[in-house]
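Student: Hi! I have a chain open on my screen and would like to talk it through. Can we start with its contacts?

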Amino acid sequence: MTSDEYVASRLAPEIDYYDRRAGQDKTRFQAASLLAIAAAAAVPVLAAADFERWAIAAVGGVASVALAILALFKWQEDWLRFRGNAESLKKERALYETRTGPYRDLNGPDLVEALTLRTEELISREHQVWHSTQREDHSSTKS
């Protein structure tokens, strides 16, 4: 496999994946945060306007559920992690394409090896972080 084939078949799809996931998690985090803020802010307004107690309680419940969802799904943490990984992979691609930094003066098999080792290390590190967070989440639900 050539380095260009590696970029097209492995690196570009990984960058696309991390970009897409970062965008999705950012949107989810912001939507749930806005819901929690709006619902929490509405409670005292509804109370001051003498709304029915059940309506005030329902809006407060919505705020609580939105906050619980944020804590459960950890979209902000995922968004930032995925964004960081996408940017790191983009940097590697840029260094490779311009033949600068660690790719300077490399050709043929040496270029493929350097590109593969460096980018697979970034991808592997993300998988390790994901796996450890899944284990932590699983063990915290057992308690």
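Predicted model: local features only at pLDDT ≥ 70, side-chain atom pairs only at ≥ 80, totals over all residues.

Student: Thanks. What secondary structure does the chain have?

Tutor: There are four helices and zero strands. Reading from the N terminus, the order is α-α-α-α.

Student: And is the chain spread out or a compact globule?

Tutor: Its radius of gyration is 22 Å, well over the 15 Å that the globule rule gives for 143 residues, so the chain is more spread out than a compact globule. Along the principal axes, the C-alpha atoms fill a box of roughly 75 × 35 × 20 Å.

Student: How much of the chain counts as buried?

Tutor: Of the 143 residues, 29% do. The chain exposes about 9200 Å², with 60% of that supplied by carbon and sulfur atoms.

Student: Switching to pockets: what volume does the largest pocket have?

Tutor: About 310 Å³. Its lining is made up of 17 residues, and those nearest the centre are Asp-78, Arg-81, Trp-130, Thr-133 and Gln-134.

Student: Which helix gives the most to that lining?

Tutor: H4 does, with seven residues. At least two residues each come from H1 (3-48), H2 (53-73), H3 (75-98) and H4 (108-142).

Student: How does the lining divide into nonpolar, polar and charged?

Tutor: Eight of the lining residues are charged, six are nonpolar and three are polar.

Methods: Residues numbered from 1 in each chain as written. Heavy atoms only, no water. 1 Å grid on protein atoms, 1.4 Å probe; cavity = no way out; pocket = protein on both sides within 12 Å on 5 of 7 lines; lining within 4 Å. Points joined across faces, edges and corners; volume = space filled by probe spheres on them. Nonpolar A, V, L, I, M, F, W, Y, C, P; charged D, E, K, R; others polar. Rg over C-alpha atoms; globule rule 2.2 N^0.38 Å. Buried < 20%, exposed > 50% of the residue type's maximum accessible area, 1.4 Å probe, protein only. Areas by Shrake-Rupley, 256 points an atom, 1.4 Å probe, with all protein chains shown as cover.
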